[in-house]
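Subject: Structure for you, with notes

Hello,

Here is the structure I promised to pass on. My notes follow below it.

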Amino acid sequence: MRLAASPVRRLLAAMAGTLLLLSAPSARAGFQSDVTVRLIAPGGIQGNSTPINEQQVVAVADLATGLQAGASGGAITNTWMLANEEVTFVGNAIHVRSYAGYDDATGIYTGYLGSGGAHARYEFDGLSIAGQTIVGFSVYAFDGYLTSGFSGLASPAAASLAHLIDADTVSLDLDSILFADRGTGTSNAHADFRIDLITRDNGNNGGTLPEPATLALLAIAALGAGAARRRG
């Protein structure tokens, strides 16, 4: 004979299922619109102080390919990107591979120059993820766009190079990058930057969804009320 589960057992089982569901990793939404990439260097480059202010639009269908050195389409890829440099968009992450363009007695640098307190930088504008608001980011500088391993960045800390300018724009400073010496010459010095965007889910009518812990408590409370009603 199969014994009926007690209200307590039913409650505990439901609680376990609810917590498993809430703890499961959610799918990472990807970018849903074109992204404008700007290359800005107010002080020009080493040996040429002419300011640089160029931009290229990456269509949403081409985000995974992004901008590649030597590709047709604009001055960033045709003129300013060094061999093997790229800017791509994967999932909700921005990937930037930057190579050294200048070295002196103090270190190995990109060669881009800031001016008047403004950094030389990439700006990524029009970042949009369906149903979510960008509220921050995590930055890594490990080879292969990984979150650990060997870093081609000697200094500063990767997180200090990226900035959230507004709700849909992120920048990456280029003039502050000091590359690690890989022992294979300046032309091979490079760093891979991965900027993982942190987002907040938009709720109904633009509101925000409760945190998972809050959802769990609400679910448990509702289940407990149901068990109490069945006992009555």
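Salt bridges link Arg38, Arg121, Glu123 and Asp125 into a network. A salt bridge here is a side-chain nitrogen of Lys or Arg within 4 Å of a carboxyl oxygen of Asp or Glu. The model is predicted, so local features need pLDDT of at least 70 and side-chain atom pairs count only at pLDDT 80 or more, while totals for chains, interfaces and linings use all residues. Residues are numbered from 1 along each chain as its sequence is written, and side-chain values use heavy atoms, with hydrogens and water left out.

Arg38 bridges to Glu123, with the closest N and O atoms 3.6 Å apart. Arg38 lies in strand β1 and Glu123 in strand β8, so this pair ties together parts that are 85 residues apart in sequence. Helices (H or I, at least four residues) and strands (E, at least two) are DSSP runs, numbered from the N terminus.

Arg38 also forms a salt bridge with Asp125. There the closest N and O atoms are 3.2 Å apart. This pair, too, links distant parts of the chain: Arg38 in β1 and Asp125 in β8, 87 residues apart.

Glu123 counts as buried, at 11%. The cut-offs: buried is under 20% relative accessible area, exposed is over 50%, and partly exposed is in between (1.4 Å probe, protein chains only).

Strand β8

β8 is mostly covered, with 5 of its 5 residues buried. Both faces are covered. Arg121, Glu123 and Asp125 are on one side, Tyr122 and Phe124 on the other, and all are buried.

Two strands pair if DSSP finds at least two bridges between them. β1 and β8 run antiparallel and are joined by 5 bridges. In that pairing, Arg38 has Glu123 as its bridge partner in β8. Strand β12 (residues 169–173) also pairs with β8 in the antiparallel sense, over 5 bridges. Ser171 in β12 stands opposite Glu123.

Aromatic pairs

Ring pairs join Phe31, Phe89, Tyr122 and Phe124 into a cluster. The structure holds 3 aromatic pairs. Rings of Phe, Tyr and Trp (its six-membered ring) pair if their centres lie within 6.5 Å; planes under 30 degrees apart are stacked, over 60 edge-to-face, and the rest tilted.

Take Phe31 and Phe89. Their ring centres are 5.8 Å apart and their planes stand at 90 degrees, so the pair is edge-to-face. Phe31 lies in the loop between α1 (7–23) and β1 (35–41), and Phe89 in strand β4 (residues 86–90), so the pair ties together parts that are 58 residues apart in sequence. Phe31 and Phe89 are both buried.

Phe89 also pairs with Phe124. The centres are 6.1 Å apart and the planes are at 80 degrees, so this pair is edge-to-face. Phe89 lies in β4 and Phe124 in strand β8 (residues 121–125), so the pair ties together parts that are 35 residues apart in sequence. Phe124 is buried, as is Phe89.

Strand β5

The structure holds 7 salt bridges. One of them joins Arg97 and Asp192, with the closest N and O atoms 2.6 Å apart. Arg97 lies in strand β5 (residues 93–99) and Asp192 in strand β14 (residues 190–201), 95 residues apart. Arg97 counts as partly exposed, at 22% relative accessibility. Asp192 counts as buried, at 1%.

What does Ser98 touch, leaving aside its neighbours within four places in sequence? Its contacts (heavy atoms within 4.5 Å) are Glu85, Thr110, Leu174, Ile177, Phe179, Ala189, His190, Ala191 and Phe193.

Thr50

Thr50 sits in the loop between β1 and β2 (52–58). The side chains of Thr50 and Asn48 are joined by a polar contact of 2.9 Å. A polar contact is a pair of N or O atoms within 3.5 Å; within protein, one must be able to donate a hydrogen and the other to accept it, and residues adjacent in sequence count only if both atoms are side-chain atoms. Thr50 and Leu113 are 63 residues apart in sequence and 10.0 Å apart in space, C-alpha to C-alpha.

Best wishes
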